Amino acid sequence: PIPSHPTMWALLPLFFAVRLDPAACLSASEIPRANSARSGDTCGAPLSDDLWPPQTLALCDEPLAPGVPDLRGYWLSKDAIMLGAHHAEHIEQCGNRAIVSGPSQQGKYHYIHDFPNVDGTKEGGCKDYVAGAEGFPKCVAINPYGIWNEHEGNLCLEMRDEGHDDCPDGLCARRCLLPDGSISFYNAYLAEIVGGELIMQKKDKSEITLGHIQAIPIIPIAISVLAVLLLCCCACVTYCCWKKRKVGTSP
């Protein structure tokens, strides 16, 4: 199939280079930076049958940096965030590089947040767009940096931006690998909804479906309920009128 995401076009030369030379290997720095899709003033690629953007580091075989926790895989929040919707994401790592991607919080678009070097610098940070409620399809630029920090005895990937109003004390997001293999996930926006951190569990890619990430359509359901109530009220009025007429015409 013809690749439909801009990241795939950027990776095609690398793909063919490795296929032609099986002995070739790529380091994290040799793979171009990945970004969420952008077309003019519209950002975020609409979700298709596949919930996930293409992998960026599939051709990278550089070992993880010493001491870095292995967060790689597909993750799904244990509990729903709101209206039945769960948080889902894919984490890639290679060397000291980390990429978080997946369906946005609205459940309508893909995002790719690439941190080419998790070294605490803006240059090595994510240069992309807001994927949350205030973002896609608008193009709201962000540039958080990535850094490894310890939190409650666990080494975590933190995404920080001291100049961003939506990141309290500079902390935008934090992902900590827990001893049981799950991830404790803090997100400044989601924390206001769930009241703290989420626990994410590793899943096979095929186990995460569109039904996990899309909220219950509350507005259509509310309209349907109101319509049923209105019909019931009309039926009651009709019945009461019929009873009155029946009583009035009785001998």
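Student: Okay, in the hairpin of strand 12 and strand 13, which residue takes a positive phi?
Tutor: That's Gly 181, with a positive phi near 90°. The hairpin has five residues between the two strands. Strands here are DSSP runs (E, at least two residues), numbered from the N terminus. Before we go on: this is a predicted model, where local features need pLDDT of at least 70 and side-chain atom pairs count only at pLDDT 80 or more, while totals for chains, interfaces and linings use all residues. Residues are numbered from 1 along each chain as its sequence is written, and side-chain values use heavy atoms, with hydrogens and water left out.

Student: What holds paired strands together?
Tutor: Strands of a sheet pair through backbone hydrogen bonds, and they can be parallel or antiparallel.

Student: So what's the order of the strands in the open sheet?
Tutor: The sheet has 10 strands in the order 3-7-6-5-4-14-13-12-11-10, with antiparallel pairing. At the edges are strand 3 (45–46) and strand 10 (145–151), each pairing on one side only. Strand 10 pairs with strand 11 over seven bridges, antiparallel, and Gly 146 is across from Met 159 of strand 11.

Student: Is strand 6 buried or exposed?
Tutor: Buried: seven of its seven residues are, so strand 6 is largely enclosed by the rest of the structure. Buried means under 20% relative accessible area, exposed means over 50%, and partly exposed is in between (1.4 Å probe, protein chains only). Strand 12 is mostly covered too, with six of its seven residues buried.

Student: What does strand 6 pair with?
Tutor: One partner is strand 5 (residues 88–94), antiparallel over five bridges. There, Cys 94 has Arg 97 of strand 6 as its bridge partner. That hairpin has two residues between the strands, and Gly 95 takes a positive phi near 60°. Strand 6 also pairs with strand 7, antiparallel over six bridges, with Ser 101 opposite Ile 112 of strand 7.

Student: Switching topic: how many residues are in the largest nonpolar core?
Tutor: It has 26, and those with the most contacts inside it are Phe 136, Leu 157, Ile 183 and Phe 185. A nonpolar core is a set of buried Ala, Val, Leu, Ile, Met, Phe, Trp, Tyr and Cys residues joined through side-chain atoms within 4.5 Å.

Student: Which strand gives the largest share of this core?
Tutor: Strand 7, with three residues. Apart from this core lies another one of nine residues, among them Ala 28, Leu 57, Ile 99 and Ile 112.

Student: And what is Phe 185 in contact with?
Tutor: Leaving aside its neighbours within four places in sequence, its contacts (heavy atoms within 4.5 Å) include His 87, Ala 173, Leu 190 and Met 200.

Student: How many disulfides does the structure hold?
Tutor: Four. A disulfide is counted here as a pair of cysteine sulfur atoms within 2.5 Å. One of them joins Cys 43 and Cys 139, with sulfur atoms 2.1 Å apart. The torsion about their S-S bond is about 105°, so this disulfide is right-handed. Cys 43 is in strand 2 (residues 42–43) and Cys 139 in the loop between strand 8 (128–129) and strand 9 (141–142), so the pair ties together parts that are 96 residues apart in sequence.

Student: Are those two cysteines buried or exposed?
Tutor: Cys 43 is buried at 0% relative accessible area, but Cys 139 is partly exposed at 24%.

Student: What about another pair?
Tutor: Cys 156 and Cys 176 form a disulfide with sulfur atoms 2.0 Å apart. Both Cys 156 and Cys 176 are buried. Cys 167 is joined to Cys 172, S to S 2.1 Å.

Conventions. Helices (H or I, at least four residues) and strands (E, at least two) are DSSP runs, numbered from the N terminus. Two strands pair if DSSP finds at least two bridges between them.
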